[in-house]
Amino acid sequence: MHNLSEVTIGRVHVGDNYPTVFVAEIGTFFNQDIALAQEYLRQIASSGAQVFKTEILHDPNVCLDTDLVHKYQHYSGFSQENYRKLIERKCVPLDDYKKLFKECDRLNMPYIATVYDFAGVDFLFESGGSAIKIARDNVNNLPLIRHSARTGLPIIFDAGQVYFDEIALALRTAQSFGSGEVIINHHPGSNPAPAANHNMKILAKYKESFGIPVGLSCHYQGDEMLYVAVAMGANLLEKGVVEDPTIAEQDLVSAAKLSEVPQ
């Protein structure tokens, strides 16, 4: 047996003594159209989802200006795009994010965001965000983790395709620098992640090893893995949601329709 800590995201409790929490993720699906992001938010709030999530991607310089090509799958097949150009067309000014977060406040909806730099961390904290998300590619970014932890906000780590000791170090760093509440989300792979790649037993391993809540960042094309995760003890489920997941766009292939967000 293990004594599992609890995490509070706004007014929402995450832990073994509470029902599994659903986080509705819109990422950068709205492609710089903040009015569309606000509409997604309103639909999410009316569905009864407990937590809203996006990304604070405001500075293209989080990505090197190189010839790296990003290939992604969508319902119609595959597309490829210069990665820097992709980031540039996804970036949103902080003033626009401020409009989105003010709408969260109006709707009394706790919100979290993936951050990529110190400015994003500071902005999310000052705006009243309820938790900070660290993407799997930043699990080794100890300066970003330390800066995030100093806010005192809960931190959610994506753990996938990283060594066990890397996530352990990220966790210890967060706890040492001020974040007393941490969640580890299992991240099975890029969109769409096939069922065979999920290795859901890792949820119990994380929970037993670290004594903290665990979750799933669901990149599966469908909802079956959400049910598996709950059966395996997940305390939190994060899933992309969008009006039309069949659009030929990055990351939409595994998203659920907004009309299907669980009540």
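What follows is a briefing, grouped by topic, on a model that is predicted.

The largest nonpolar core holds 68 residues, and another core, of twelve residues, lies apart from it. There is also a cis peptide bond, running from N191 to P192.

**Two helices side by side**

- Two packed helices are described by the angle between their axes and the distance between the axes.
- Helix α5 covers residues 142-149 and helix α6 covers residues 164-176; they pack at an angle of about 35°, and their axes are 8 Å apart.
- The crossing in which α5 passes α6 is right-handed.
- On the α5 side the meeting residues are L142, I145, R146 and A149, while α6 brings L169, A170, T173 and A174.
- By type, the residues of this contact of α5 with α6 divide into six nonpolar, one polar and one charged.

**Salt bridges**

- Side chains of opposite charge can pair when their charged atoms come close.
- The closest N and O atoms of E103 and R106 are 2.7 Å apart.
- Are the two partners buried or exposed? E103 counts as buried because its relative accessible area, 10%, is under 20%, whereas R106 counts as exposed because its 56% is over 50%.
- K133 forms a salt bridge with D158, with 3.2 Å between the closest N and O atoms.
- K133 lies in strand β8 (residues 131-134) and D158 in strand β9 (residues 155-159), so this pair ties together parts that are 25 residues apart in sequence.
- K133 and D158 are both buried.
- K133 also forms a salt bridge with E238, where the closest N and O atoms are 2.8 Å apart.
- This second pair links distant parts of the chain, since K133 is in β8 and E238 is in strand β12 (residues 236-242), 105 residues apart.
- The relative accessible area is 1% for K133 and 7% for E238, and both residues are buried.

**Nonpolar cores**

- Which members of the largest nonpolar core touch the most other members? They are I44, F52, F101, F157 and I167.
- Leaving aside its neighbours within four places in sequence, F101 is in contact with T54, I56, Y111, F123, L124 and S127.
- The other core has twelve residues, among them V21, V23, I156 and L236.
- I156 is found in strand β9 and is buried, at 1% relative accessibility.
- Beyond four places in sequence, the contacts of I156 are I9, I112, I132, K133, I134, I183 and N185.
- The C-alpha atoms of I156 and A113 are 9.7 Å apart, although 43 residues separate the two along the chain.

**Loops and backbone features**

- Most residues other than glycine have a negative phi, and most peptide bonds are trans.
- The cis bond from N191 to P192 has an omega near -10°, and P192 is in the loop between β10 (182-186) and α7 (202-210).
- N31 is not a glycine, yet its phi is positive, at about 50°.
- N31 belongs to the loop between β3 and α1 and is partly exposed, at 28% relative accessibility.
- T28 also has its place in the loop between β3 (21-25) and α1 (34-47).
- T28 is buried, with a relative accessible area of 8%, and touches E55, L57 and K90, not counting residues up to four places away in sequence.
- D251, again not a glycine, has a positive phi of about 75°.
- The loop between β12 and β13 (256-257) is where D251 lies, and D251 is partly exposed, with a relative accessible area of 29%.

Definitions and conventions:
Residues numbered from 1 in each chain as written. Predicted model: local features only at pLDDT ≥ 70, side-chain atom pairs only at ≥ 80, totals over all residues. Heavy atoms only, no water. Axes fitted to C-alpha atoms, helices over the stretch in contact; angles between N-to-C directions. Helix = DSSP H or I, 4+ residues; strand = E, 2+ residues; numbered from the N terminus. Left-handed = near helix turned anticlockwise from the far one by under 90°. Contact = heavy atoms within 4.5 Å. Nonpolar A, V, L, I, M, F, W, Y, C, P; charged D, E, K, R; others polar. Salt bridge = Lys/Arg side-chain N within 4 Å of Asp/Glu carboxyl O. Buried < 20%, exposed > 50% of the residue type's maximum accessible area, 1.4 Å probe, protein only. Core = buried A, V, L, I, M, F, W, Y, C linked by side-chain atoms within 4.5 Å.
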